[in-house]
Amino acid sequence: MAFMGIEYKDQIGGLGIFSLANWITSKAFDSYIARKELDPEQRVYIQVGTQEGDDTDRKLLYGNMKQAYIDGSLMYYKQLLKGSVPIDNIHLNIFADEEHNEIAWRKHLPECLRFLSEKWS
């Protein structure tokens, strides 16, 4: 979703980024976002839990899986700010003890939709 929001910024006005897994392709994504012009009007809701990662993820990354999700979300937040997206258009939440699953995402979807729709006229 993060890639689509940049590549198709003219068609996508808001992004709900839940459990961003950009650690999988971080070098390529970092290079991509650094050379793209971001839309300062785009609103981005980012949500990550401190218990992210599952057995499939652990097969792809050796090390602290939980921290990889948090670090990736924080890096994306920093990249948006560096790309001139105003801080008021970004909402970042790090939720203690939440996992990488639909139960956690469902709990925060209403807040995401409220944030994304705040400036709709």
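A salt bridge here is a side-chain nitrogen of Lys or Arg within 4 Å of a carboxyl oxygen of Asp or Glu. By that rule, the count comes to three salt bridges. The structure is a predicted model, so local features need pLDDT of at least 70 and side-chain atom pairs count only at pLDDT 80 or more, while totals for chains, interfaces and linings use all residues. Residues are numbered from 1 along each chain as its sequence is written, and side-chain values use heavy atoms, with hydrogens and water left out.

Take the bridge between K36 and E7, with 3.6 Å from N to O. K36 sits in the loop between helix 2 and strand 2 (43-51), and E7 sits in helix 1, so this pair ties together parts that are 29 residues apart in sequence. Helices (H or I, at least four residues) and strands (E, at least two) are DSSP runs, numbered from the N terminus. How open are the two partners?

Another bridge joins the side chains of E118 and R43, at 2.7 Å from N to O. This pair links distant parts of the chain, with E118 in the segment after helix 5 (102-117) and R43 in strand 2, 75 residues apart. E118 counts as exposed, at 56% relative accessibility, whereas R43 counts as buried, at 4%. R43 also lies over the face of F115, at 4.0 Å from the ring centre. For a charge to sit over a ring, NZ of Lys or CZ of Arg has to be within 6 Å of the ring centre and within 35 degrees of the ring normal.

E98 and K107 make a salt bridge as well, at 2.9 Å from N to O. E98 is buried, with 10% relative accessibility, but K107 is exposed, with 54%.

Now for helix 2 (residues 26-35), where F29, Y32 and I33 are buried. Seen down the axis of helix 2, the buried residues fall within an arc of 90 degrees, so they line one face of the helix; the arc is that of the directions from the helix axis to the C-beta atoms. There is a handy general rule behind this: an α-helix has 3.6 residues a turn, so residues three or four places apart point the same way. On the face of helix 2 turned away from the buried side are the exposed residues K27, A34 and R35. What do the buried residues of helix 2 pack against? They pack against helix 1 (2-7) and helix 4 (65-82), where contact means heavy atoms within 4.5 Å.

Rings of Phe, Tyr and Trp (its six-membered ring) pair if their centres lie within 6.5 Å; planes under 30 degrees apart count as stacked, over 60 as edge-to-face and the rest as tilted. Across the whole structure, the search finds three aromatic pairs. Among them is the tilted pair of F3 and Y32, 5.0 Å centre to centre with 45 degrees between the planes. F3 belongs to helix 1 and Y32 to helix 2, so the pair ties together parts that are 29 residues apart in sequence. F3 counts as partly exposed, at 41% relative accessibility, and Y32 as buried, at 9%.

Notes. Buried means under 20% relative accessible area, exposed over 50%, partly exposed in between (1.4 Å probe, protein chains only).
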